[in-house]
Amino acid sequence: MMTRLLRAEFTKLFTTKLWLWLLLGAIGMTGLFVGLTIGLADSAGNPSPPLNTPEGQRNLFGVAGATSALAIVLGIIAMTGEFRHETVTPTFLATPRRGLVVTAKVIAYAIVGVGFGAVGILAELALALPWLAAKGVAVSLTGNGIPRTLIGVLLGLAVNTVLGVGIGALIRNQVAAIVGTLVYFFVIESLISALPTIRDYYKFFPGGASSGLANTYQPNVEFLAGWQSGLLLISYGVAFAALGTALTIRRDVT
Amino acid sequence: MSGQIVVSGLTKMFGPVRAVHNLSFTVAPGTVTGFLGPNGAGKTTTLRCLLGLVTPTAGTATIGGLRYVDLPQPSSTVGAVLEASSFHPARSARNHLRVICTVNGYPASRADAVLDQVGLLTVADRKVRGYSTGMRQRLGLAAALLGDPGVLVLDEPANGLDPEGIAWLRAFLRRLAADGRTVLISSHVLSEVEQTVDDIVIIDKGALVRQGNLGDLASQQGSTVVVRTPDPDRLVSALGRYDHRPGIRRRDGAVMVDGLQPAEIGHLAFLEGIELHELTTERSDLEDIFFALTGEGADR
C-alpha cells in the first residue's frame with residue numbers, strides 16, 4: 001500500500017514540469033553562491049573565513065544548503081497544489097485514509113529533498129573544484145569536516161522539504177504559504193541572525209539549525225552542535241508534518 | 001446487496017449553516033437514481049459525505065453497509081465524478097489516470113482503456129489545461145471507471161455541457177446502467193436526468209421532499225382533464241354537484257378538472273345535455289411537479 005502511494009507521489013511530481021524549474025533554480029543559485037564565495041574571497045574587507053581554512057572550505061561546500069528555501073517551496077507546492085487544483089478530491093477518493101496519503105508525501109519528499117541536495121552538491125563540486133585548483137588552493141573532500149558538511153546539507157534539505165509539506169498541509173492557500181515562508185526565511189530569520197542579543201537565539205530557529213547541521217561559519221553567530229541542530233531541525237519537520245497530517249485528516253474537502 | 005446506498009439521519013452543519021438536515025434515503029442496487037433539488041439544497045454535501053470527503057455532523061452514509069473510508073477497495077467499488085476541475089492543468093489526461101492506476105495497483109493499460117471508452121484516447125497526451133468543459137467531464141468519468149466499479153456517483157455531470165455533450169452523457173449513462181451498475185446522479189434540472197433515471201430522490205433545504213419511482217410520481221400527481229364547451233357555467237355547476245368534489249379551474253375559456261377521468265366527465269355532460277367541443281387529458285409536466293415539490297416555482 002505504502003509502496004504504491006510513494007510511487008504515485010513520484011508520478012505526480014515527474015508528470016509536471018515544476019521539479020525541473022526548481023532544480024534548475026537550485027543549480028543556478030548554488031552556482032551563484034559558489035561564484036560569489038570564491039570570486040570575492042580575496043577582496044578587501046570580506047568578513048568570511050579565507051578559502052584555505054577549514055571554516056572557509058566548509059562554508060563553500062555548504063552553499064548548496066542555501067537552496068533550502070527552494071526545497072521548502074517544493075514541499076509547499078506538492079501539498080498546496082493538491083488543494084489549489086482540487087486534485088485532493090481524486091487523491092482522497094483513491095485513498096480515503098488520509099493519514100496514509102500525507103505520510104507517503106512526507107516520505108516521498110524527504111527522498112526528493114535528498115536528491116535535490118545531491119544535484120546541488122554535484123553542481124557546486126563541478127564548479128568549485130576546478131576553480132580552487134586553478135587558484136592553487138589545496139582541498140581534500142575527506143578532510144576539514146567537509147564530509148559532515150555535505151551530509152548535513154543533504155539531511156537539511158530533506159527535512160526542509162518535509163517542513164514545506166507540513167506547512168502546505170497547514171496553510172492550504174498556495175500563494176499565502178509560499179509568500180509567508182519566504183518572508184519568514186529571508187526577512188525574519190535574517191533579522192534574527194543579524195540583531196545583537198536576539199541573534200544568540202538564532203541557533204534554535206529552523207534556519208539556524210540547518211546551518212548548525214552543516215557546520216558552517218557565520219560571524220558573530222553561534223550554532224548548536226551538529227547532532228543537536230539535526231535533532232532540532234528534524235523535530236521541526238516532524239512537528240509540522242504531524243500537525244499538518246492531523247488537520248488534513250479532520251478538515252472537510254468541499 | 002453490495003451496491004446499496006443507504007443515507008440515514010444525515011446532518012451536516014458548516015458552522016451555523018445547516019447544509020443537510022436529518023436526511024434519509026436508499027438507492028437500490030442496479031437502479032439509476034436521480035438525486036434532485038435546487039442549487040444549494042445540499043446535494044453536493046450529501047454526496048461528499050457519502051464519499052468520505054466531508055465528515056457528517058450526525059448520521060451515516062454507507063455503500064453496501066460500509067462507510068467509504070472502510071471500503072477495502074474504494075475505487076473498485078464506487079466511481080465518483082464530483083466537479084469538472086479536479087485536475088492539475090499541467091498534467092496530461094493519461095498521466096492523471098496513471099497516478100490513480102498506480103495508487104490502486106491497476107495496470108497502466110487501464111488508463112488507455114477508459115480513455116477509449118469516453119472518447120479521449122486521441123487527446124490523451126494533451127495537458128488538461130487545453131481541455132474544454134465537456135472533455136474534462138469525460139476525463140472525470142474515465143477516472144471514475146478505472147476500477148470498473150459497480151456503483152457510480154455523479155454530481156451534476158451535465159453542468160456546463162453543450163446539448164451535444166448532454167446527449168452523449170445520456171447515452172453513456174444508459175450504457176453504464178444497462179451493465180447493471182448502480183448509478184446515483186445529481187441534478188438541479190429534472191429534465192436533464194428524466195430520460196435516464198428509474199427512481200428519484202428529491203431534497204430541498206437539506207431535507208427529503210420525496211423519494212420514489214419516477215413514473216409513480218408523475219401518476220400520483222395525477223392528470224388534468226381539459227374540457228371545452230360553449231356553456232362552461234352549466235358544466236361547472238354540474239361538476240359542483242358531483243360526489244367526489246373535483247378540483248375545477250378556468251383557463252382560457254376551458255374548464256380544467258382534476259380528480260375525474262374523461263369518461264366520467266363525458267358521461268356527466270351527456271346526462272346534463274351539455275355540448276362538448278374538447279375532452280382531453282393533460283399530463284402534468286414533470287418539471288412543474290419538481291418545482292411544486294421544491295417550492296422553487298413559487299414566484300413564477
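## Basis of the model

The structure is a predicted model, in which local features need pLDDT of at least 70 and side-chain atom pairs count only at pLDDT 80 or more, while totals for chains, interfaces and linings use all residues. Residues are numbered from 1 along each chain as its sequence is written, and chains are lettered from A and ligands numbered from 1 in the order in which they are written.

## Chain A

Chain A has ten helices and zero strands, where helices (H or I, at least four residues) and strands (E, at least two) are DSSP runs numbered from the N terminus. Read along the sequence, the pattern is therefore α-α-α-α-α-α-α-α-α-α.

Along the principal axes, the C-alpha atoms of chain A fill a box of roughly 60 × 40 × 30 Å. Of its 254 residues, 44% count as buried, a residue being buried if 20 or more other C-beta atoms lie within 10 Å of its own, exposed if 12 or fewer, and partly exposed in between, with C-beta atoms placed from the backbone. Among contacts in chain A (C-beta atoms within 7 Å) between residues at least 6 apart in sequence, 79% join residues at least 24 apart.

## Nonpolar cores

A nonpolar core is a set of buried Ala, Val, Leu, Ile, Met, Phe, Trp, Tyr and Cys residues joined through C-beta atoms within 7 Å. The largest such core holds 129 residues, of which A:V162, B:L50, B:L97, B:A142, B:V153 and B:I185 touch the most other members. Helix α7 (residues 146-170) of chain A gives the largest share of this core, with twelve residues.

Once its neighbours within four places in sequence are left aside, B:L50 is in contact with B:I5, B:V7, B:A61, B:Y68 and B:V153. A second, separate core of nine residues includes B:V225, B:L235, B:L239 and B:L260.

## Positive phi in chain B

B:N22, which is not a glycine, has a positive phi of about 45° and lies in strand β2 (residues 17-27) of chain B. B:N22 is partly exposed, because 14 other C-beta atoms are within 10 Å.

B:D148, also a residue other than glycine, has a positive phi near 50°, and is found in the loop between α5 (133-145) and β6 (151-155) of chain B. With 14 other C-beta atoms within 10 Å, B:D148 is partly exposed.

How values were computed
Two residues are in contact if their C-beta atoms, placed from the backbone, lie within 7 Å.
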